[in-house]
Amino acid sequence: MTTQGNGPNITHEEIEFCAEDEKVEIIPNFDMAAIQILDGRHGPFRAQMKEVVPLWLAMMLKRRRRCTIITPEWMKLNRLDQVLVLEREQYAVFQ
């Protein structure tokens, strides 16, 4: 499925792929030197010290029970409720 309107046709999968690079804060529960991977350098990781990483890395560490993800402001419930109201009020814009 793609977006409609005058803008470019972007699939939901492409949007999800781009969103995975969004930076989020984590609190690791381990110590490790910085790592160099394709998209850059991340770390060093120190237990209980905040670190900013891409969402995909945060999710991978969380699945392995290696960190806690700090909820970004845009993902908090009250902000999502505001966006939902806006989308319902301006239905034509969000189709």
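**Exercise 1. Is Glu 73 buried or exposed, and at what relative accessibility?**

Before we start: this is a predicted model in which local features need pLDDT of at least 70 and side-chain atom pairs count only at pLDDT 80 or more, while totals for chains, interfaces and linings use all residues. Residues are numbered from 1 along each chain as its sequence is written, and side-chain values use heavy atoms, with hydrogens and water left out.

*Solution.* 
- Step 1: recall the cut-offs, where buried means under 20% relative accessible area, exposed over 50%, and partly exposed in between (1.4 Å probe, protein chains only).
- Step 2: Glu 73 has 58% relative accessibility, so Glu 73 counts as exposed.
- Step 3: find the partner. The Glu 73 side chain meets that of Lys 76 in a salt bridge, 3.0 Å from N to O. A salt bridge here is a side-chain nitrogen of Lys or Arg within 4 Å of a carboxyl oxygen of Asp or Glu.
- Step 4: classify Lys 76, which at 32% is partly exposed.
- Step 5: searching the whole structure turns up one salt bridge.

**Exercise 2. Work out which residues of strand 1 are buried, and which strands pair with strand 1.**

*Solution.* 
- Step 1: locate strand 1 at residues 23–28. Strands (E, at least two residues) and helices (H or I, at least four) are DSSP runs, numbered from the N terminus.
- Step 2: follow the alternating side chains.
- Step 3: Strand 4 (residues 51–54) runs antiparallel to strand 1, joined by four bridges, and Glu 25 stands opposite Val 52.
- Step 4: strand 5 (residues 67–70) also pairs with strand 1 in the antiparallel sense, over four bridges. Here Pro 28 stands opposite Cys 67.

**Exercise 3. Explain why the buried residues of helix 2 lie on the same side, and find what covers them.**

*Solution.* 
- Step 1: in helix 2 (residues 55–63), pick out Leu 55, Leu 57, Ala 58 and Leu 61, which are buried.
- Step 2: they cover an arc of only 160° around the axis, which puts them on the same side of helix 2. The arc is that of the directions from the helix axis to the C-beta atoms.
- Step 3: the cover includes helix 1 (12–19), strand 1, strand 3 (40–42), strand 4 and strand 5.
- Step 4: beyond helix 2 comes Arg 65, with a positive phi near 60°.

Definitions and conventions: Two strands pair if DSSP finds at least two bridges between them. Contact means heavy atoms within 4.5 Å.
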